[in-house]
Amino acid sequence: MKRFRWIAITPLLHILTITPTFAQKTDRFMGETVNYDEAAVPSYTLPNVLLKANGQLVKNKKDWEKERRPEIVNLFKANVYGQTPIDLDSATYVLTNKVADAMGGKACLKEVAIHIWNKGKQVTVPLVLFVPNNMRKPAPVFLLINNRSKRNTDPTRAVKSTFWPAELLIEKGYAIAAFQVGDAAPDKKDAYQHGVLDQLFPELLTQEDGMKAIGAWAWTASRVMDYFETDKDVDAHKVALVGHSRGGKTSLWAGALDQRFALIFSSCSGSTGASLARRRYGETVSLINKQFGYWFANTYKQYSDRVDDLPVDQHMLIALLAPRPVYTTNATEDRWADPPGSYLSLVNALPVYKLYQRLVNIPTEPPPVNTPIINSFIGYHFRTGIHDLNLYDWENFVRFADHHFGR
Ligand code: GTR
């Protein structure tokens, strides 16, 4: 049997710069004190997810869908992730490479160039897709929003990465796909505009509430979804969206915007992902705006020093995924991402899942380390280790997908 070695392509520098030792209750970063002390979390009141702008409480799921849900989407657009394009002119899909007997005959590799057109200009987003062979029906598919190097999603499989363990997914009967975020919007503060934004929607660049990098990545995930709807090898009703960290913020936002995504996975997403902003634990709105302002609309900057005035908090982002299953993760050595605050988002999204009578088996307190919650519409694990997306995470994502896709 041919053996291979898994490698984890991890941005070590990032971990070294922002991971404090466990004993530390505070740290300094970019001229600010970073809080790692639960006792120092200020008291706060979360916006009521079910309270409509007209002062009335949501009565049922119809009321939620017609009124409160669109209100919350608009609040996130206006104040956090920015406005997204409503239309585009056209898209074409070109199969640039196909290997019918990839992975020793177990899978078919398809590399697809997604050409997106608007007002005479074009952006191309390459997609890597492996589909299991010998399936009797279209395969459910995991799509990774890849925020790391393309080496992690090597179509030749010369490099294998735990960040995108394609062989594992194929073995389990899933297709697996990925696009790299930089093809839609470079992940750099002075270059993010070169792609979807300056080519297709330049007007958004001049708007204070126009989307920036995360908005563009989320929008691009939907363009991949458009492609899946045309590919008979995959089941477009069973698309599981996965993102890690900045990609995990994006998977939550993409899932909120596009209800075609059936399952949402968000790994270690932290600030402006699954973590509650009002806790001011680990990375704060102020710090993320300072370091990564180009991910969010300019309007988000006005909340850097007054998070309590934000008309949303991140439990409302989770609520926008209802009634679909969502699974988030945290890691013990990733206090920067505020694990307890991420878990509280899930707990506070519950009222919306209840409107749909969805079984949500999550305790009010976070579960013990390495104890995944699978049999529930909201799933979660808090694993040992560093800020990463690894095999343990993927194995549990598959268990969660098996459970919800009835496999
Ligand atoms: C960090 C950032 C986090 C997270 C992370 C990542 O430096 O502060 O919000 O997104 O990068 O994407 O790995």
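Which strand is A175 found in? I looked this up before anything else, keeping in mind that the model is predicted. A175 sits in strand β7, which covers residues 175–180.

**Entry: A175.** I checked burial next. The relative accessible area of A175 comes out at 0%, so I put it down as buried, the cut-off being under 20%. Then I listed its contacts, skipping neighbours within four places in sequence: L129, F130, V131, P132, A139, P140, V141, F142 and V234. I also looked at K110, which is 65 residues from A175 along the chain; the two C-alpha atoms are 11 Å apart.

**Entry: cores.** Which residues have the most contacts inside the largest nonpolar core? I found W64, F76, L127 and F228, in a core of 91 residues. Helix α6 supplies the largest share of this core, with eleven residues.

I then went through F228 on its own. Leaving out residues up to four places away in sequence, F228 touches L127, L129, V141, L143, A177, V234, A236 and V239. L129, V141 and V234 were already in my notes as contacts of A175.

**Entry: α6 against α7.** I wanted the geometry of this helix pair. The axes of α6 (residues 213–228) and α7 (residues 246–257) come within 9 Å, crossing at roughly 60°. That angle makes α6 oblique to α7. I noted the crossing as right-handed. On the α6 side the contact is made by I214, G215, W217, A218 and A221, and on the α7 side by R246, K249, T250, W253 and A254. By type, I get six nonpolar, two polar and two charged residues in this contact.

Entry: Most residues other than glycine have a negative phi, and most peptide bonds are trans, so I went looking for exceptions.

- M30 is not a glycine, yet its phi is positive, near 50°. I place M30 in the loop between β1 (26–29) and β2 (32–35). M30 is partly exposed, at a relative accessible area of 37%.
- N370 also has a positive phi, about 60°, without being a glycine. N370 belongs to the loop between α10 (339–355) and β11 (378–383). With a relative accessible area of 34%, N370 is partly exposed.
- Where is the cis peptide bond with omega near 5°? I found it running from A322 to P323. P323 lies in the loop between α9 (315–319) and β10 (326–331).

Conventions. Residues numbered from 1 in each chain as written. Predicted model: local features only at pLDDT ≥ 70, side-chain atom pairs only at ≥ 80, totals over all residues. Heavy atoms only, no water. Axes fitted to C-alpha atoms, helices over the stretch in contact; angles between N-to-C directions. Helix = DSSP H or I, 4+ residues; strand = E, 2+ residues; numbered from the N terminus. Parallel < 35°, antiparallel > 145°, perpendicular 65-115°, else oblique. Left-handed = near helix turned anticlockwise from the far one by under 90°. Contact = heavy atoms within 4.5 Å. Nonpolar A, V, L, I, M, F, W, Y, C, P; charged D, E, K, R; others polar. Core = buried A, V, L, I, M, F, W, Y, C linked by side-chain atoms within 4.5 Å. Buried < 20%, exposed > 50% of the residue type's maximum accessible area, 1.4 Å probe, protein only.
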